[in-house]
Every structure is written in C-alpha cells, then in structure tokens.
Amino acid sequence: MTVRTGRHFLQIPGPTNVPDQVLRAMSAPTCDHRGPEFAALTTRLLDVIRPVFGTSGPVVIYPSSGTGAWEAALVNTLSPGDRVLCFETGHFSTLWEEMARSLGLRTEIVPGDWRHGADPDELARRLAADTDHSVKAVCVVHNETSTGVTSRIADIRRAIDEAAHPALLLVDTISSLGSIDYRHEEWGVDVTVSCSQKGLMLPPGLGFNAVSPKALAAREQAGLPRSYWDWGPILEANRRGQYPYTPATNLLYGLVEAVEMLNAEGLPEVYARHARHAEATRAAVRGWGLEVLCADEREHSGSLTAVLLPEGHDADKVRRIVLERFDMSLGAGLGKLAGKVFRIGHLGHFNDLTLAGTLAGVQMGLHLAGVPADPAGLPAALEVLSTP
C-alpha cells in the first residue's frame, strides 16, 4: 500500500477543490427548512446569487446535478416535436442533444470539430433560412468542459437578433460560471444552466437555471411533461423563502459562503485570475512543444486547458503516471478525444503556486511517459505568473 503525504492535487475541471471556509459553512447544524431561519437564508441567497449569473431576474436552485438543470431548461420551455438547434462543440454538447432528443424534441445538430466554439455565422445562415420560425430554441455550451473551448455567446445572441428570429437561447455555463465572464441579461440568454461543483467551489449537488421573462412566458405554453423540474412551484415557494420539497440545506449554507468569497475578491478580479492562469498554462503547453486543443485564440477557456498529444502517445498513460507518482488527478479525454488529450483544470479555489505545482507535475509526468516535451515549458509558465 502506498502511503501518500501532503495533499492530493485535484486538477480535473470539476469537481474542484472545496475551500475550508465553504466546508466549515456546510458543517453547521441542519436547521428546519420550513422555519424562519432558513427562510431568511433562502431570501438572502436568491438575492446574492443573481450577480454571479449577471441577471436581475429569478434563479432557480435544484437539488440536482447540472444534467438535471439541462432537463429543467428544456421541459419548462418546449413542447414535443419542437425543433431545436444544438451546436456540437464537444462531448457535453452531444449529451445535451441526446437528452433533448430523448425528451421528444426534434434536434438538429450543427456539426463541429471539437476545436472551435459555436459558429455565429453558421447560426445566422440557418436562422435566415428558417422563414417559418420552426426553430424554437438554440442550445449552446458556453465553456465546453471536454475541450477547453469557450463559445462567444454575445456573438450568438447578435446572430439571433440580426435574423429577427424568436428562438429561445439556452446556454450551459456548467464549467464557466464564477470563472469566466458571463452576462445572462446583457447577452439576452433565456435560460442559463449551471451547477455547484466547479467555479462555485462546492461539492456536487446543486443545479441552477437563471430564467428570462421570455422563458417564463414560454413556460405557459410548453407541453413537455414536468413535475419536479417545474419552475412554477419553486418560484412561488421561493417568494416565501421556501421550497416545494426538501432542499439541500447544508449545500446552500456553503453556497452563501462561496458567493461571499467571490464578492470579496470581486467578480472582475476572479475572471482576470482565471484568464491569467489559463495564459500561463498555455505558455507551458507551447513551451513543451505540444498543442493546445482549442484552435481559436478568441475561444481559449479560462477554466481548463486540453492538451493534445502527438500521434502514438497515450494521454491516459500520462494521467496514470502523474496520479501514481505525484498524487495528482488530471482530466481524461472524453468521447472521440479519449486517449488523445488530457485536461488541466485551473478553476475555482486556485492560486499561482498551485498552478506552478500542477504544471511541474505535468512536466515530470510527460518525461516519465516518454512524451517528447521541452523542459522550457515550466519556465515559460513561471514567466507569465511572475509578471506583475
């Protein structure tokens, strides 16, 4: 049995490291979720969470994964047979499309190469051709966790507006919320989907929908079956500081603390920190002589970096060696990227020295796995980190 010393480096793109402050908040005694103390907490939480989404409107919180929040976005706004455009930008975008299809929606995939984000020009062409407005919704993953590519949501909204098309815009922010600049209201997003275990620095267990007035109006006509996911009973109960079911009380304690941490740092500073760590990581990758999977400079993720290995080298071997030798977890390649890439998560509760240690471990792992990697990679990253 191998005895581990020091702390495990959890450098997957989520779940992320949970700060001690959040763990302590979650360890508070569970209170009566029908009582006045919890009602006050709920009212306060629903107020302070809105700026994280960039909205002044309602945010629905479920005891669920992000997958549950996907389903909520679909069933509250659409009807069986509705036509939905789904951009294929990576593994998770394909899962969202599969869910939509399984719910009885008529999905149309906009194919992609997994190295670029959603294409606003292609969206404009398709919506211009949709003269009878049969497309009812456009589904886009803001930050594709499997690829490290961030779609330009403001440009997607512009394409919809220029086509004067009434389609709803549904956006997955599961690995971007609280890490990458996001503006639900300003960008005209109708439903924003997210979860707790990434930029919000919590364990898994909370799903979110930020909802526009247009989406609430769509709910009145939506015909997909819904019960647990129905926004109506939740929003009504929330007005009293309550939920129509037992909420994840202790996770909500932690969420209040996590939002306070984000606010103490300042959301613009949080986004700048993530962008700086992403830049340093890309400097390391290029210094090693390897390739960042994201192929568009405008679409690099601030949350994670996917590293493409040369032909004939196994990314899972690198990950296995890094775990066994240095007690660090890196993200696997998913779907058609399995074995071809590994993913370095640099989001959430994270600082310069943690990134420096992460990249040192990756560099040693590449060497031990026999991947040709120039040792200049780590100094290149340190140069970025040490620049004022």
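**Reading a predicted fold, step by step**

Q: Leaving aside its neighbours within four places in sequence, which residues is Phe-342 in contact with?
A: Contact means heavy atoms within 4.5 Å, and on that basis Phe-342 touches Thr-305, Ala-306, Val-307, Leu-309, Ala-315, Val-318, Arg-319, Leu-330, Gly-331, Val-362 and Leu-366, its neighbours within four places in sequence being left aside. The C-alpha atoms of Phe-342 and Val-307 are 5.5 Å apart, although 35 residues separate the two along the chain.

Q: What should I know about the model before going on?
A: This is a predicted model, in which local features need pLDDT of at least 70 and side-chain atom pairs count only at pLDDT 80 or more, while totals for chains, interfaces and linings use all residues. Residues are numbered from 1 along each chain as its sequence is written, and side-chain values use heavy atoms, with hydrogens and water left out.

Q: Is Phe-342 buried or exposed, and in which strand does Phe-342 lie?
A: Buried means under 20% relative accessible area, exposed over 50%, and partly exposed in between (1.4 Å probe, protein chains only). Phe-342 is buried, at 0%. Its strand is β14, residues 341-345. Strands (E, at least two residues) and helices (H or I, at least four) are DSSP runs, numbered from the N terminus.

Q: In what order do the strands of the open sheet stand?
A: Two strands pair if DSSP finds at least two bridges between them. Here five strands form an open sheet with mixed pairing, in the order β1-β13-β14-β12-β11. At the edges stand β1 (9-11) and β11 (291-292), each with a single partner strand, so one side of each has no neighbour in the sheet. β11 pairs with β12 (residues 304-308) in the antiparallel sense over two bridges, and Val-292 stands opposite Val-307 in β12.

Q: How many residues does the largest nonpolar core have?
A: In soluble globular proteins, nonpolar side chains tend to be buried together. A nonpolar core is a set of buried Ala, Val, Leu, Ile, Met, Phe, Trp, Tyr and Cys residues joined through side-chain atoms within 4.5 Å. The largest one here has 65 residues, and those with the most contacts inside it are Ile-61, Leu-74, Trp-96, Trp-231, Leu-252 and Leu-255. Helix α10 (residues 249-265) gives the most to this core, with nine residues. A second, separate core of 30 residues includes Val-285, Ala-315, Val-371 and Ala-381.

Q: Which residues of helix α5 are buried?
A: A helix can be checked by its expected span, which is 1.5 Å times one less than its number of residues. Helix α5 (residues 91-102) has 12 residues and reaches 17 Å from its first C-alpha to its last, close to the 16 Å expected. Its buried residues are Ser-93, Trp-96, Glu-97, Met-99 and Ala-100. Seen down the axis of α5, these fall within an arc of 160°, so they line one face of the helix; the arc is that of the directions from the helix axis to the C-beta atoms.

Q: How many disulfides does the structure hold?
A: A disulfide is a covalent bond between the sulfur atoms of two cysteines. The cut-off used is a pair of cysteine sulfur atoms within 2.5 Å, and the structure holds zero disulfides. The sulfur of Cys-195 is 17 Å from the closest cysteine sulfur, in Cys-139, and that is too far for a bond. Cys-195 is buried, with a relative accessible area of 2%.
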